[in-house]
Amino acid sequence: MVMPSIDLFHPVMLPEMEAAALEVLRSGQIASGPKVQALEAAFGRLIQRDHLVAVNDMSSAVMLALHLAGVGPGDSVATLAFSCLSSNAPMARLGAHAVWIDIDPATMSMSVDDLAAKMTPDVKAVMVYHVAGYPADIGRIADLCRDRGVVLIEDCNNALGATTAAGPLGVHGDYAIYSLYPNRQVNGIEGGLLATPDVETAGRAIQLRRFGIDGRSFRDARGEINPESDVAEIGWSAALSHLNAAVALSQLPTLDSRLTRTRSVGLKLASALAATDNVRPVEPVRGGSAAYWGFLALSEHRDALLAHLKLHGIKASVLHQRNDWYSGFGLARAELPGTATVMEQLIALPSGWWLSDAQLDELVAQVVRFRPSH
């Protein structure tokens, strides 16, 4: 019997999502509505933070966080080179410069030592990506940022459900970013959420996501644009639609069961693959628990293993391309030995809630069965 392909990512698809979308479409209230505020409140309770602002995608959330942190042309932002462009591109669009920080291949955490060495006075913010839902050494990084008076942004875009000894990811940073892209833990078709430090900053973000308009005074008693309502800070179009919010909100009641299953799959993979010579599972930082957006491992024969798995219908991946190699950032390639190791050895294996026990067994069997040619 041929085993069906084993997907690395799989969007949440529920009847509740269809019902929520249909309700909004039939209402005609598609662009904005109460589901947006309901999602912000519910997601805030989930991640144990107040003052959330929903936006149209995670890159807009990053853009807002950087802008609100005072990052502008000529400023520097410390960030991982091993990341997605959706995280680092907003920095370049604001005219800021990247300070590329190395990564620890054993844990996939931003290197605290490298960050400390490169945190010069012109670094305005540190953006920490929790790679594939594996927690960075965020406690130490947060302490370093506080000592240096630097804004900390946690990029939790695929890390919903991951924790540290101090609680869920996202509570350490001044700002935290979450994604509602289809292959994330919550599928909003598209969208993002930004956790802000206080009610005043959240209010500013709410205005900026809609061109800088103050919704409380923008319309007069006739419903027309109020000429007395000033737009003091020009924003852009980044609001999350009522439709996207309703679809995302409908998944939250069943989210915990999916996170629990994903964690169970990840832990089973870690146990099953610990003894094989073919891979070395990445270990979360001490006291941390991964969200296992993908199960991360290192292999000295990574490319051959990747080809073997894909040949057998297992959609593994190298995950990211290091961003410092892109000429658009206007910088020379950085000397990052840990990142170089990751680029040569890292493989992301399927580990989501959608895997059956039979698929999990097949995945482990194929990794164990692999024999590199010499």
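Colleague: How does α1 pass α8, in a left-handed or a right-handed crossing?
Modeller: The crossing of α1 with α8 is right-handed. Keep in mind that this is a predicted model.

Colleague: Which residues make that contact?
Modeller: From α1, the contact uses Met17, Ala20, Ala21, Val24 and Leu25. From α8, it uses His242, Leu243, Ala246 and Val247.

Colleague: How many of those are nonpolar, polar or charged?
Modeller: Eight are nonpolar and one is polar. None is charged.

Colleague: At what angle do α1 and α8 pack?
Modeller: Helix α1 covers residues 15-27 and helix α8 covers residues 242-249. They pack at about 155 degrees, and their axes are 8 Å apart. Angles over 145 degrees count as roughly antiparallel, so α1 is roughly antiparallel to α8.

Colleague: New topic. What is the phi of His51?
Modeller: Phi of His51 is near 65 degrees. That is a positive value, and the residue is not glycine.

Colleague: Where is His51?
Modeller: His51 sits in the loop between α2 (34-47) and β1 (52-55).

Colleague: Is His51 buried, exposed or partly exposed?
Modeller: Partly exposed, as the relative accessible area of His51 is 31%.

Colleague: And what about phi of Leu319?
Modeller: Phi of Leu319 is near 80 degrees, again a positive value in a residue other than glycine. Leu319 belongs to the loop between α10 (302-311) and α11 (337-345).

Colleague: Why does Leu319 count as buried?
Modeller: Because its relative accessible area is 17%, and buried means under 20%.

Technical notes: Residues numbered from 1 in each chain as written. Predicted model: local features only at pLDDT ≥ 70, side-chain atom pairs only at ≥ 80, totals over all residues. Heavy atoms only, no water. Helix = DSSP H or I, 4+ residues; strand = E, 2+ residues; numbered from the N terminus. Buried < 20%, exposed > 50% of the residue type's maximum accessible area, 1.4 Å probe, protein only. Axes fitted to C-alpha atoms, helices over the stretch in contact; angles between N-to-C directions. Parallel < 35°, antiparallel > 145°, perpendicular 65-115°, else oblique. Left-handed = near helix turned anticlockwise from the far one by under 90°. Contact = heavy atoms within 4.5 Å. Nonpolar A, V, L, I, M, F, W, Y, C, P; charged D, E, K, R; others polar.
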